[in-house]
Amino acid sequence: MPMRVVRSVAAMQRIARDLRRRGRIGFVPTMGFLHEGHLRLVRTARRQSDFVVVSIFVNPIQFGPTEDFRRYPRDFGRDRRLLQSAGADFIFYPGVKEMYPEGFATFVDVERLGEGLCGKSRPGHFRGVTTVVTKLFNTVLPDVAVFGAKDAQQAFVIRRMARDLDYQLRIVILPTARENDGLAMSSRNVYLTPEQRAEAPVLHRSLVLAKRLIGQGERDAAKVKATMRRLIRRESGGRIDYVEMVDTDELRPIKTIAGETLVALAVFFGKTRLIDNIIVRP
Ligand code: AMP
């Protein structure tokens with residue numbers, strides 16, 4: 001079956017209703033400018049379903065007024081070639097007016113989980129994410145939707161939303177794909193200058209350090225966070241937005257490391273905000 005590009009919500013809904021009668025739909029939502037991390041999600045969707053839909057949509061309502069919506073990298077021709085070889089069947093590629101026509105007024109909000117971590121410095125971000133993902137789920141009708149652990153808070157928020165709103169689909173979360181030096185793959189890495197790119201792997205090193213300290217018995221979250229911050233400051237010019245440790249259920253900051261813990265950070269290199277995280281089980 002040759003891959004098809006679908007630009008309208010109505011056409012995608014018609015196709016999805018037909019596909020669902022014939023098999024299982026796997027879905028990977030993206031903002032495009034794809035890298036190996038995205039392609040792993042697509043290959044997993046391929047293995048777990050009969051039809052694979054990948055959406056490419058840079059969602060304006062999840063960007064703040066001073067953020068990079070306009071300059072977010074885009075290359076549809078390249079994305080299309082990559083998706084063809086990764087085995088996608090459909091690219092859902094709507095325009096902004098198609099997703100948010102005149103008069104659009106409805107938003108989906110997951111309380112609490114979207115407030116801390118990235119939600120603090122990006123108010124409204126997760127409301128934008130959950131709203132667009134709801135619309136995409138209602139259009140693509142997936143049986144399986146695949147997300148990356150790179151955006152851990154996003155994955156947890158969406159998993160909660162799917163549970164709370166009774167979506168009849170399975171959410172799969174795959175591990176973060178990394179460059180050889182540990183830097184998490186991200187469409188935004190192209191913004192980095194060569195100097196920033198050389199420094200950025202310290203983010204992953206700080207997470208590995210946290211994991212080692214916890215493995216050695218450290219249970220004081222404040223101490224672990226301080227050690228991570230010191231390493232990042234010593235080995236880069238990055239400006240720390242946050243270094244945080246939260247439980248993996250409600251994403252509440254913890255003082256003492258006891259159960260499964262998400263260690264997450266966001267650091268600015270110039271105007272580029274990079275995020276990364278690791279899950280540790282003491
Ligand atoms: P994005 O296009 O950045 O919105 O990401 C689309 C999907 O790809 C999300 O589920 C991300 O978590 C996932 N993703 C992005 N980067 C990575 C990565 N390095 N490893 C695994 N998944 C990723």
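**Notebook: ligand site and helix packing**

I started at the ligand: of the 17 residues around it, M31, H38, D151, A177 and M185 come nearest (a residue counts as near if one of its heavy atoms lies within 4 Å). Before going on, I noted that this is a predicted model, where local features need pLDDT of at least 70, side-chain atom pairs count only at pLDDT 80 or more, and totals for chains, interfaces and linings use all residues. Residues are numbered from 1 along each chain as its sequence is written, and side-chain values use heavy atoms, with hydrogens and water left out.

I looked for pairs of N or O atoms within 3.5 Å. M31 puts a backbone N or O atom 2.9 Å from an oxygen atom of the ligand. M185 has a polar backbone atom 2.8 Å from a ligand nitrogen atom. H35 uses its side chain: a polar atom there lies 3.4 Å from a nitrogen atom of the ligand.

**Helix 9 with helix 10**

Next I checked helix packing, with helices taken as DSSP runs (H or I, at least four residues) numbered from the N terminus. Axes are lines fitted to C-alpha atoms over the stretch in contact, and angles run from 0 to 180 degrees between N-to-C directions. Helix 9 (residues 202–215) and helix 10 (residues 221–235) pack at about 150°, with axes 9 Å apart. That makes helix 9 roughly antiparallel to helix 10 (over 145 degrees; under 35 is roughly parallel, 65 to 115 roughly perpendicular, the rest oblique). I listed the contact residues (heavy atoms within 4.5 Å): helix 9 gives V202, L203, R205, S206, L207, L209, A210, L213 and I214, and helix 10 gives V224, T227, M228, L231, I232 and E235. By class they are 11 nonpolar, 2 polar and 2 charged (Ala, Val, Leu, Ile, Met, Phe, Trp, Tyr, Cys and Pro are nonpolar, Asp, Glu, Lys and Arg charged, the others, Gly among them, polar).

**Helix 6 and its partners**

I then followed helix 6 (residues 125–140): its axis and that of helix 1 (residues 9–22) come within 7 Å and cross at roughly 50°. That makes helix 1 oblique to helix 6. V9, M12, Q13 and A16 of helix 1 meet N138, T139 and V140 of helix 6; I count 4 nonpolar, 3 polar and no charged residues.

With helix 7 (residues 152–164), the axes come within 10 Å and cross at roughly 55°. Helix 6 is therefore oblique to helix 7 as well. Here F126, V129, T130, V133, T134 and F137 of helix 6 meet Q153, Q154, V157, I158 and M161 of helix 7, and I noted 7 nonpolar, 4 polar and no charged residues.

Terms used
Helix = DSSP H or I, 4+ residues; strand = E, 2+ residues; numbered from the N terminus. Polar contact = N/O pair within 3.5 Å; in protein donor to acceptor, adjacent residues only side chain to side chain.
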